Structure formats: structure tokens, C-alpha cells
Amino acid sequence: MELCLVKLGAGSERLALALGGVQEAYGERLQEICGAKAFSAAAESGKLRGKRLLFAVHIPAAGVEAELYEALGLLQDPQRPHTLAGSVGGVIIDGESELYTKDAGRRLIFAANMAGCRFPGKPLVEATGSLRNFKVLARLWQTDLAGAYRQSCRLLADKIMAKPQRSAEHILVIHAGNRATSNSLALWHKVAAALGGRAEIEEISVRNGQIWDCRGCKYEECKHFGEQGNCFYGGVMTEKVYPAILRADVLVLVCPNYNDSVSANIMAFINRLTAVFRAHDVSFSQKQLYAVIVSGYSGGDLVAQQIIGALNINKNFALPPSFALLETANDPGEIEAAAGIDARAAQFAAQIAGAQDCR
Ligand SMILES: Cc1cc2nc3c(=O)[nH]c(=O)nc-3n(C[C@H](O)[C@H](O)[C@H](O)COP(=O)(O)O)c2cc1C
């Protein structure tokens, strides 16, 4: 199988050097698409479906790269859905300043994912202007910052080319909603009903401050707790949630939009995953992440990107195609009246069950 390298933006000498390891390793199996126009032409002719895609984007110091926006415009165009159906991807963002690389990476991953592209855990290599974000990896691999950048690009390419894991036998659902009034929880229950007996479902509520937020222990302390299946605070997180996470093939987060963010209870759950993640990061890469997101008015895309940043880019969960079901409803029960909601819930259930990998 070929690896398709999609280059967007003006490029830089540093990015060219970093991609050298990928070019060396994949040689004739590497196909290059240079520029947004070539990307659009390939996408519109259906040539990017079922492909392994490595996006490499250079962004200037101001953080705004027109070619990236052109590509996002194509991927987010509702008239052209499923442009990347069946593909597997990864993203390299080469920046000139200390800012904007994560934002550019998250936006591209979200847009490509909703267009049908699957992403492995940790699918983003970002290079900030100083490359200081490679300090830890450079020390670990006993190389310099540029060497760590180059090695990270090569490892990402290998990850994209590996066979994706897909199992959905055991689904863990985390929510913090009120059963009587929550639209997001009602929407999840529609998805669960549509799943029928196709998977074993375990639901855990983290409502009412049952989970204290992370205390920020030292790395070694946190890792030590994690290896014992524990965390400084203990409680429901270590007694119930950690074992359930380790059992799960699929994690579904049920997220109302609170101030364009996941709610505080869900954020505390994510932060407190750190200890178990430190001890089991490889096994997290085998778990698929889905989200059910309901906003009263707008902003579900921001919540989806926050979840991608925290759990896919940072915590290594794999991102299956179109990982989020995004709806708008505000008053209690309003989701029930949304046009076509049962069909969309059933479609999402089919994706989770793996019956339909890509629409
Ligand atoms: C504290 C709080 C903050 C909220 N912030 C937003 C917001 O920023 N944008 C928005 O569209 N809806 C916002 N909402 C509305 C919810 O997203 C909406 O009620 C939706 O139905 C999901 O919440 P539910 O699952 O609890 O019903 C907010 C609701 C609450 C209680």
C-alpha cells in the first residue's frame, strides 16, 4: 500500500529535512500531492478514499495559512461529504512561532475525521518555532531537537501504515447528565437502543462532583500510582472507572456543551485518566473514542476539537471515522423533536458497532 504525502503551505527547509526519514523509508511507495489545488482535485475525483494520508502543513508565524483553509473548506463542505471515506491519516504541523500549531492540527484532524478519515492515537506531530516541544523526546532518543522531529515524522508514517484495530465488544459510556432532563443523555440512550444487543454497554455517571480534579502530582508519583491502578485521590475513579477503562474497547463520552467546553465533571474525568494512561498508554491506542455532543445553540465543533485534543492527540485513544454525533437542542426534551434524530442515532450506532466503517 502507498503512503500519500499531502503538502500544504509554503514549506520550509526544516520541514523538508524532517520528512527526509519518511521519504527514505517509503521510497517508491510514497506519492506526493503538493498544494491545496492538487489536494482538491484529488479529493474531488475520489482518489483520496481508502488511502493512507500524511498531511504536512507549514504555517507562518502569524498562524494563518491560506492553503490549510482551502483544504478545510473542501473537507467541511456539506455538499461533498465522505471525501476521505476509508482513509487513515496523520498530521504534521511545522510552525514558525510557539503558537497556533496545536490549533491548526486539531482543526485539520477534526475536519478530515468528519470527512471519513480514521486517525490512530497521537496522530499529530507539531514543531513549534523553537522545536522546544521535542525536548523530552530528544533526551529519550539521545538525539537533538531536529533529530527528534525527524524521528517523530517517521514513526507517525509507520503508525498510519499499520493495520487499524477495530473491536467494539465492550463499550464504556461516561456521562454526567441528569436522567430526567439532559438532552445529551437522552440522545445517547437513543444510540444505545439502536445498538441493541450488538455490544456489551457499561454506563458510569460522574455527576455531582464525585470525581475530584487532578492534583498535579509529580510525573514519577503519578506513574507509580497508575501502575498500582491507583491515583492520589482514589474514590470512584480508581474503584470503578480505571478498571472499566482498561476493559473497554470503545469509550463514548456524552457531552453537553457548557460554555463551549465539556462540563467540569467530564473534564475532571479526563484529567484524572492521566495516572492510568501513564501505566497503559499502549493499550489506550487500541481503544476507539466516540462522542455524543449536544449544544443549546452552537459550538459543538469546539467541544469535539477539545475532546480530540485531550483524548486522541494527548491520551492516545484511536479516532474512528466521524467520531462525533453533533446535535443542537436546548430545552429539556427538545432533542426528541429534532427532525431525523432517530435515523442519525441509528447511523451512529451502526458506526460504533462497526457494521458500517464509513458512510
Ligand atoms: C452551565 C451551562 C453552560 C452552557 N453553555 C452553553 C454554550 O456555551 N453554548 C451552547 O450552545 N449551549 C450551552 N448550554 C446549553 C446546553 O448545551 C444545552 O442545554 C444542551 O441541551 C445540552 O445540555 P444537557 O445535556 O444537560 O441537556 C449551557 C448549559 C449550561 C447548563
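Two things before the points. Residues are numbered from 1 along each chain as its sequence is written. This is a predicted model, where local features need pLDDT of at least 70, side-chain atom pairs count only at pLDDT 80 or more, and totals for chains, interfaces and linings use all residues.

1. Let's stay with Ile 109 for a moment. Its place is in helix α4, residues 101–114. Helices (H or I, at least four residues) and strands (E, at least two) are DSSP runs, numbered from the N terminus. Leaving aside neighbours within four places in sequence, Ile 109 is in contact with Val 91, Phe 119, Pro 123, Leu 124 and Ile 308. Contact here says that two C-beta atoms, placed from the backbone, lie within 7 Å. Asp 281 is 172 residues away from Ile 109 in sequence, and the two are 20 Å apart in space, C-alpha to C-alpha.

2. Now the whole chain. It has 13 helices and 10 strands. Its radius of gyration is 20 Å, close to the 21 Å that the globule rule gives for 359 residues, so the chain is as compact as a globular protein of that length. That radius is taken over C-alpha atoms, and the rule is 2.2 Å times the number of residues to the power 0.38. Along its principal axes the C-alpha trace spans about 55 × 50 × 35 Å. Of the 359 residues, 46% count as buried. Among contacts between residues at least 6 apart in sequence, 83% join residues at least 24 apart.

3. Have a look at strand β4, residues 88–95, where eight of eight residues are buried. Both faces are covered: Val 88, Gly 90, Ile 92 and Asp 94 sit on one side, with Gly 89, Val 91, Ile 93 and Gly 95 on the other. β4 runs parallel to β3 (residues 52–59), and eight bridges join them. Strands pair if DSSP finds at least two bridges between them. Arg 52 stands opposite Val 88 in β4.

4. Five of its six residues are buried, so β6 is largely enclosed by the rest of the structure. β6 and β7 pair in the parallel sense over six bridges, and His 175 stands opposite Ser 205 in β7.

5. Helix α7 deserves a stop too. α7 has 13 residues and reaches 19 Å from its first C-alpha to its last, close to the 18 Å expected at 1.5 Å a residue (the expected span is 1.5 Å times one less than the number of residues). Its buried residues include Asn 183, Ser 184, Trp 188 and Lys 190. What covers the buried residues of α7 includes β6, β7, β8, β9, β10 and α13. After α7 comes Gly 196, with a positive phi near 55°.

6. Finally, the ligand. It is surrounded by 18 residues, the closest being Asn 183, Ser 184, Pro 256, Gly 296 and Tyr 297.

Definitions and conventions
Near = placed C-beta within 6 Å. Buried ≥ 20, exposed ≤ 12 C-beta atoms within 10 Å, placed from the backbone.
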